Amino acid sequence: MTTARLDAAGIDARVEELAELLTDTVAGGASVGFLAPLDRADAVAWWQERSAGVAAGRLAVWAAYDTDGRVTGTVSLAFPGRPNSRHRAELVKLMVHRHARGQGLGRGLLAVAEEAAAAAGVTLLHLDTETGSPAEHLYRSAGWTRVGVIPDYAADPAGTLRPTTIYCKRL
């Protein structure tokens, strides 16, 4: 797996590939904040908004590439702007293309984000994920602590309300 941190220009340059990853993730049933089918133009617009967050320093994005140089996964860290919360970050949008799943890519991206967070002085990470999803196994096996469950937190891609599980990890 090859990974690289994307700056705003990198997101802009790869926005079509990133949009394809997002639409594939939603089509595959992952609850990442969108309903299916996700329109490609909406996926492009969403990534363009992320570009602005990266440029402002509120977000860090890493992409994973296959041997042909195509984007096959991403992970992001969202940094709060308040002075009392600069020690923490939220892990968001860990996505792996369906054709690349089961090869350790998600685990690799998770490790990249954790290492970068620690290097930036972040001492606490948190995230939420759909309860019962395959992602839960990944987070538990990577040493994340289950904090609790919120019922009917978000709709899955099919529109059904699902619970979410909150996790945290001290670095």
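## The largest pocket

In this predicted model, strand β4 provides the largest share of the lining of the largest pocket, namely 7 residues. The elements that give two or more residues to this lining are β4, α4, β5, α5, β6 and β7.

The space in the largest pocket amounts to about 980 Å³. Its lining consists of 38 residues, and those closest to the centre of the pocket are Ala30, Leu94, Thr129, Ala135 and Tyr139.

## The sheet

The strands form an open sheet of 7 strands with mixed pairing, in the order β1-β2-β3-β4-β5-β7-β6. Strands β1 (2-6) and β6 (145-155) stand at the edges; each has a single partner strand, so one side of each is left without a neighbour in the sheet. From one strand to the next, the twist averages 25°.

Strands β4 and β5 run parallel and are joined by 3 bridges. Arginine 88 stands opposite leucine 124, which belongs to β5.

## Helices on the sheet

Helix α3, residues 40-55, packs on the sheet and touches β1, β2, β3 and β4. The direction of α3 makes about 125° with that of β2.

Helix α5 lies across β4, β5 and β7 (161-170). Relative to β5, helix α5 runs at about 155°.

In soluble globular proteins, nonpolar side chains tend to be buried together. The largest nonpolar core in this model has 24 residues, of which Leu77, Leu91, Tyr139 and Trp144 touch the most other members. At least two residues of this core come from each of β2 (59-65), β3 (71-78), β4 (88-96), α4 (105-119), β5 (124-130) and α5 (134-141). Helix α4 supplies the largest share, 6 residues. A second, separate core contains 23 residues, including Ala19, Val26, Val54 and Val71.

Which residues does tryptophan 144 touch, not counting residues up to four places away in sequence? They are Leu91, Leu110, Glu114, Leu125, His126, Leu127, Tyr139, Tyr167, Cys168 and Lys169.

## Alanine 9

Alanine 9 is part of helix α1, which covers residues 8-13. Is alanine 9 buried or exposed? A residue counts as exposed when its relative accessible area is over 50%; alanine 9 has a relative accessibility of 51% and therefore counts as exposed.

Between alanine 9 and serine 85 there are 28 Å in space, C-alpha to C-alpha, and the two residues are 76 residues apart in sequence.

Note on methods: Residues numbered from 1 in each chain as written. Predicted model: local features only at pLDDT ≥ 70, side-chain atom pairs only at ≥ 80, totals over all residues. Heavy atoms only, no water. Core = buried A, V, L, I, M, F, W, Y, C linked by side-chain atoms within 4.5 Å. Buried < 20%, exposed > 50% of the residue type's maximum accessible area, 1.4 Å probe, protein only. Helix = DSSP H or I, 4+ residues; strand = E, 2+ residues; numbered from the N terminus. Contact = heavy atoms within 4.5 Å. Pairing = 2+ DSSP bridges. Axes fitted to C-alpha atoms, helices over the stretch in contact; angles between N-to-C directions. 1 Å grid on protein atoms, 1.4 Å probe; cavity = no way out; pocket = protein on both sides within 12 Å on 5 of 7 lines; lining within 4 Å. Points joined across faces, edges and corners; volume = space filled by probe spheres on them.
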